[in-house]
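Please read the sequence and the 3D structure shown here side by side, keeping in mind that the model is predicted.

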Amino acid sequence: MKKLNSVYITILFCLAAMAVSGQQKYALLVGINKYYDKPGVPHGSQLQGCVDDALSMKGVLIHRFGFSKTNINTMLDEQATKANVMVALSAILDKSRAGDAVVFYFSGHGVWMDNGEQGVLDNAVKNGMNQAMVMSDLYADNLGCLFTDANVKRIFNKFIDKKVVAT
């Protein structure tokens, strides 16, 4: 009996230690069906299913992978601007620690763009093209609605520098 109690105490101690120093899991989920030509003025063409995709991913993260609802930020339609996404990713970056996990998920329009100014290494991989996710605010100045591959690279490298697992 004493041996069994000792095992239970050891297990409880390990579980308590994991709770104190355990991995946190964070997610930013973006789903955009509605794009806007001006604030509050929808574009003539809209998508279907992207919001549902983001909400489905939320369910998967919670029920299959043990994410806490409070650690999942979901941005849908007009909320999903480049500025808002950058702020949300920065907030996750600020509170994450080495060993934590971060998921960024996007469902919406994407684009390829010519980029003749790429370096030799980028050009070898990307063939003079850049990719971008199109955020809901099409009206943003200077293509400010585009969350480019360079934006993703810059923010994800910061997670990697902190030894955070980023997907």
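Four strands make up an open sheet with parallel pairing, in the order S4-S1-S5-S9. Strand S4 (72-76) and strand S9 (165-166) stand at its edges, and because each has a single partner strand, one side of each is left without a neighbour in the sheet. The pairing of S5 with S9 is parallel and runs over two bridges, and Val 165 in S9 is the bridge partner of Ala 101.

Nonpolar side chains tend to be buried together in soluble globular proteins. In this model the largest nonpolar core has 27 residues, and those with the most contacts inside it are Leu 28, Val 30, Val 85, Phe 104 and Phe 106. Among the elements that give two or more residues to this core are strand S1 (25-31), helix H3 (82-95), strand S5 (101-107) and helix H5 (149-161), while the largest share, five residues, comes from H3. Beyond residues up to four places away in sequence, Val 30 touches residues including Met 75, Ala 80, Val 85, Phe 104 and Phe 106. A second, separate core of eight residues includes Leu 29, Ala 54, Ile 72 and Val 103.

Asp 100 lies in the loop between H3 and S5. What is the nearest side chain of opposite charge to Asp 100? That side chain is Arg 97, 4.5 Å away, and Asp 100 is buried yet has no salt bridge, a salt bridge being counted within 4 Å. The side chain of Asp 100 does, however, reach the backbone nitrogen of Gln 24 at 2.9 Å, and Asp 100 also touches Tyr 26, Lys 95 and Val 165, among others.

Key. Residues numbered from 1 in each chain as written. Predicted model: local features only at pLDDT ≥ 70, side-chain atom pairs only at ≥ 80, totals over all residues. Heavy atoms only, no water. Core = buried A, V, L, I, M, F, W, Y, C linked by side-chain atoms within 4.5 Å. Buried < 20%, exposed > 50% of the residue type's maximum accessible area, 1.4 Å probe, protein only. Contact = heavy atoms within 4.5 Å. Lys, Arg positive; Asp, Glu negative; His and termini not counted. Polar contact = N/O pair within 3.5 Å; in protein donor to acceptor, adjacent residues only side chain to side chain. Pairing = 2+ DSSP bridges.
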